[in-house]
Amino acid sequence: MAGLEGIEQPRGRARATTARWSPAVEDEQALKVLDLFGNPAEAEVPLPSRPESAATARRLAQVVVLRQWGLTPKLTEDAVLLVSELVGNAVRHTGARVFGLRMRRRRGWMRVEIRDPSRGLPCLMPVQELDISGRGLFLVDRLSDRWGVDLLPRGKTTWFEMRVTER
């Protein structure tokens, strides 16, 4: 479950007290991740190219979008999902040891960027209803307002933007 890695889940009908998910616990863990890795809204955060970095990136995105920027839970949920998809692509397809996460906000928009050293371009593939993989860019295409790839001298930045309703 997105964002619940590292939180012990209840097992069976045991009466022992176990940690349960709560917004306060999630906020505390997200703030620890922010302290440990840095704030992607202030500067690019380098993360190791390992599957477990998806959980770190999700937590960073969640704390920035929901707590720092004060955006809606629905927008936060969508942004966290798309961050996870782009991180998964960077980990699976680039061969990089490290990738970077950066988040930006301007009036009416938020932007998330994943930078990696590969110049291989991601490809939006047709998706069938029963496909169990290959949906990452499909979701990015459907849930974001726009997305793209910027080639760099050494690598690329894959990004998406979402409209933000100012409160």
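**Reading strands, helices and contacts**

Modeller: Begin with a strand that is mostly covered: seven of the eight residues of E3 are buried. Keep in mind that this is a predicted model.

Biologist: What does the protein chain have in the way of helices and strands, and in what pattern along the sequence?

Modeller: The protein chain contains four helices and five strands. Along the sequence they follow the pattern α-β-α-α-β-β-α-β-β. Of its 167 residues, 44% count as buried.

Biologist: How should I read a sheet, and what is the order of the strands here?

Modeller: Strands lie side by side, and in a regular strand the side chains alternate between the two faces of the sheet. In this model five strands form an open sheet in the order E1-E2-E3-E5-E4, with antiparallel pairing. Strand E1 (45-48) and E4 stand at the edges with a single partner strand each, so one side of each has no neighbour in the sheet. On average, neighbouring strands of this sheet are turned by 20° against each other, direction ignored.

Biologist: How many bridges join E2 to E3?

Modeller: Seven bridges join E2 to E3, and the two strands run antiparallel.

Biologist: Which residue in E5 is the bridge partner of Arg 111?

Modeller: The partner of Arg 111 in E5 is Glu 161. E3 and E5 pair in the antiparallel sense over eight bridges.

Biologist: What joins E4 to E5, and over how many bridges do they pair?

Modeller: A hairpin joins E4 to E5 through two residues. Strand E4 (residues 146-152) pairs with strand E5 (residues 155-163) in the antiparallel sense over seven bridges. Within this pair, Val 149 has Thr 158 in E5 as its bridge partner, and Asp 150 stands opposite Thr 157 in E5.

Biologist: Which helix packs on the sheet?

Modeller: Helix H3 (residues 73-93) packs on the sheet, where it touches strand E2 (98-106), strand E3 (109-116) and E5. The direction of H3 makes about 165° with that of E5.

Biologist: How do I read a contact between two helices?

Modeller: An α-helix has 3.6 residues a turn, so residues three or four places apart point the same way. Now take H3 and helix H4 (residues 136-143): their axes come within 9 Å and cross at roughly 145°. The crossing of H3 with H4 is left-handed. From H3, Asp 78, Leu 81, Leu 82, Glu 85, Leu 86 and Asn 89 meet Gly 136, Leu 137, Leu 139, Val 140 and Leu 143 of H4. The residues of this contact divide into seven nonpolar, two polar and two charged.

Biologist: How does the length of H2 compare with what is expected at 1.5 Å a residue?

Modeller: Helix H2 (residues 53-68) has 16 residues and reaches 21 Å from its first C-alpha to its last, close to the expected 22 Å. After H2 comes Gly 70, whose phi is positive, near 65°.

Biologist: Is H2 enclosed by the rest of the structure or left open?

Modeller: H2 is largely enclosed by the rest of the structure, because 14 of its 16 residues are buried. Residues under 20% relative accessible area count as buried, and Ser 53 has 3%. Leaving out residues up to four places away in sequence, Ser 53 touches Leu 47, Pro 48, Val 87 and Phe 99.

Biologist: Where is Pro 122 found, and is Pro 122 buried or partly exposed?

Modeller: Pro 122 is found in the loop between E3 and H4. Its relative accessible area is 27%, and Pro 122 is partly exposed. With residues up to four places away in sequence not counted, Pro 122 touches Leu 137, Val 149, Lys 156 and Thr 158. Pro 122 and Val 149 are 27 residues apart along the chain, and their C-alpha atoms are separated by 8.0 Å.

Biologist: What share of the contacts with a separation of 6 or more joins residues 24 or more positions apart?

Modeller: In the protein chain that share is 62%.

How values were computed. Residues numbered from 1 in each chain as written. Predicted model: local features only at pLDDT ≥ 70, side-chain atom pairs only at ≥ 80, totals over all residues. Heavy atoms only, no water. Expected span 1.5 Å × (residues − 1). Buried < 20%, exposed > 50% of the residue type's maximum accessible area, 1.4 Å probe, protein only. Contact = heavy atoms within 4.5 Å. Pairing = 2+ DSSP bridges. Axes fitted to C-alpha atoms, helices over the stretch in contact; angles between N-to-C directions. Left-handed = near helix turned anticlockwise from the far one by under 90°. Nonpolar A, V, L, I, M, F, W, Y, C, P; charged D, E, K, R; others polar.
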